[in-house]
Every structure is written in structure tokens, then in C-alpha cells.
Amino acid sequence: LDIANGKFIMFCDSDDYYTSNTCELMYEAIINKPNAWVFCNICRVDENDIPLTDSNSEIAHKKFLNSPTYCTAFELSLSGSCCNKIYNHEIIRKHKIRFDETIRFAEDVPFDTPYCLKTDSKIFIASPLYFYRVVNSSLTHSYHSDHLGIYIKLFKIRLPLIKENEIADFCDIYFHYFVTLLDNTMDKRNPMSFWQKMRYNDKMMKTEEFRYCVAHASGKNDSAIFMHVVRMHNYYIYWLFQKICKLKEKFKRKPKKY
């Protein structure tokens, strides 16, 4: 970025790829609206380039037409990557936008989010023009000692782009991110002792960001008792509750003897 002199900038990760006309279509979208946040659909493929899921171009297009916001792009899992975007270099230069080199993954979000805040409109190309290759050795499948801390940081960065009527939907998604990432702390690859892990998760559940997310999440996808336990913001109680649920499930699956 320090030496780039082109008018527009695009990124492509080393194990991913574009279609033959990706650059052309992205360029055509931004050339008439240079201050727009331009992004395209993504097709996730395996190591043999076989699509893992349907990119649902028509559904994504209709969803964005109904609600052309950053939150919609987030819900479609299209906001987190820089590789399905085209950037106006002048905006990057003027606002000194750079990647956060202190984090080891999801570094695209702290770059893309401030850029999006400086744009005046959004253009979505529903066709999948970027192909993301999912490999088992990728960073997203690795254990990270600072996983929770990074996601809380990303939550704070994204929140200013979320409209008031979208906060519940946004927090519903992030609520499950946070809850799932609690398990990351308990990963066997984590060198911390059991009690260090417990204290770490308890501290994270008490953070301002986690509390905000839990307070504003609708809880529509979870049981009332589960939401009650989480709202106590006590990981020791949460851990015990999860253990009880697993035991109940285990006995439920146990075959009866006659």
C-alpha cells in the first residue's frame, strides 16, 4: 500500500482465485461511483475446487435489495474479507487506512470497516466472483490463544456500522460467535491450566462488549434457561450448566435394556 500508485486496489489471497472477468466487473461497478463500498459474492470451494455450499446469488441479491446495509453484508458472510472488494486508493491514502498487524487472523476487518465508514453508498454484485478455497491447514481452522480478544475487538469495530433496527440481528450472530469461542479457550492445544482457562473465560464473559451483545441479542434461537445462564455472566455456572446438559444428552441416547 505504501508504494502502490494505481487508482483502485484489489486483493487476492494466495490459495484463492478470481473468475476471468472479476477485475473487469468490479472495475465497472466502481468507476462510476468511486466513493461506493463495492463487494461481490463469494463461492467457498474445497481443495479440489468443488463448491462446498451454494452461493445463493438470487437470494443474496434480494436480501441486499431489501436492506442495502453493512449488516446485511455481515449476515451474508461477505463483510469480513478484503478479497471480494475493490477499493478507491484515494480514500485509503486520505484516511491512512492500513491493516492491523498486531492480530494474526481476521485482519481484513480493521482495514475494511473504516474504509466502509468513509464511503457514501454500497454496491453489491450478487454473482460469485471470488472463490475462497477452504483448506484444513488454514488459519481459520487453527487454535488461537487470543481468539476471544480478537473477536471482541472486531465486534467494537463493526458496531458503528450497524443501524439501530439491526442491532438485535447483529448481536444474535455475535452472541453465538462469543459462546462458540469460549470453547476455543478450553481447547487441548491451549497450554493454560484448567483453572487458568476457567478464569480467562469468566473474565471475557464480564467484558463490556460481551455484556452488550448478550443484552441486545433477541435469544430467539436459544432456550430461555440457556439465555438466563449466560446473562449471569459467570463462566463457572455456565460451564457447570453445559456439563449437566451433556450428561442429560448422554443418558437420553443410552439404549434401554429389556
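In helix H5, the residues Val109, Pro110, Phe111, Asp112, Thr113, Tyr115 and Cys116 are buried, where buried means under 20% relative accessible area, exposed means over 50%, and partly exposed lies in between (1.4 Å probe, protein chains only). Because seven of the nine residues of H5 (residues 109-117) are buried, this helix is largely enclosed by the rest of the structure. The cover over its buried residues includes strand S3 (36-45), helix H3 (70-75), strand S4 (85-88), helix H4 (89-94), strand S5 (121-133) and helix H6 (147-158). Helices (H or I, at least four residues) and strands (E, at least two) are DSSP runs, numbered from the N terminus.

The model is predicted, and local features need pLDDT of at least 70, side-chain atom pairs count only at pLDDT 80 or more, while totals for chains, interfaces and linings use all residues. Residues are numbered from 1 along each chain as its sequence is written, and side-chain values use heavy atoms, with hydrogens and water left out.

The chain holds 11 helices and five strands, and its C-alpha trace spans about 70 × 45 × 40 Å along the principal axes. Of its 258 residues, 43% are buried. Taking contact as heavy atoms within 4.5 Å, 75% of the contacts between residues at least 6 apart in sequence join residues at least 24 apart. The accessible surface comes to about 14900 Å², with 54% of it belonging to carbon and sulfur atoms, as computed by the Shrake-Rupley method with a 1.4 Å probe, for which only the protein chains shown count as cover for residues.

The largest nonpolar core has 68 residues, of which Phe170, Tyr174, Phe175, Phe178, Phe226, Val230 and Tyr238 touch the most other members; such a core is a set of buried Ala, Val, Leu, Ile, Met, Phe, Trp, Tyr and Cys residues joined through side-chain atoms within 4.5 Å. Helix H7 (residues 167-185) gives the most to this core, with nine residues. Leaving out residues up to four places away in sequence, Phe175 touches Cys213, Val214, Ala217, Asp222, Phe226, Met227 and Val230.

How many disulfides does a search of the whole structure find? The search finds zero, a disulfide being a pair of cysteine sulfur atoms within 2.5 Å. For Cys82, the closest cysteine sulfur is in Cys83 at 6.8 Å, which is too far for a bond. Cys116 is likewise in no disulfide, since the nearest cysteine sulfur, that of Cys82, is 11 Å away.

The table sets out the accessibility of the residues discussed here.

| Residue | Relative accessible area | State |
|---|---|---|
| Cys82 | 1% | buried |
| Cys116 | 2% | buried |
| Cys12 | 38% | partly exposed |
| Ser77 | 41% | partly exposed |

Cys12 sits in the loop between strand S1 (8-9) and strand S2 (17-18), and, not counting residues up to four places away in sequence, Cys12 touches Tyr17, Tyr18, Cys83 and Tyr130. Although Cys12 and Phe131 are 119 residues apart along the chain, their C-alpha atoms are separated by 9.5 Å. Ser77 lies in the loop between H3 and S4, where, leaving aside neighbours within four places in sequence, Ser77 is in contact with Ile42 and Arg44. The C-alpha atoms of Ser77 and Asn41 are 9.2 Å apart in space, with the two residues 36 apart in sequence.
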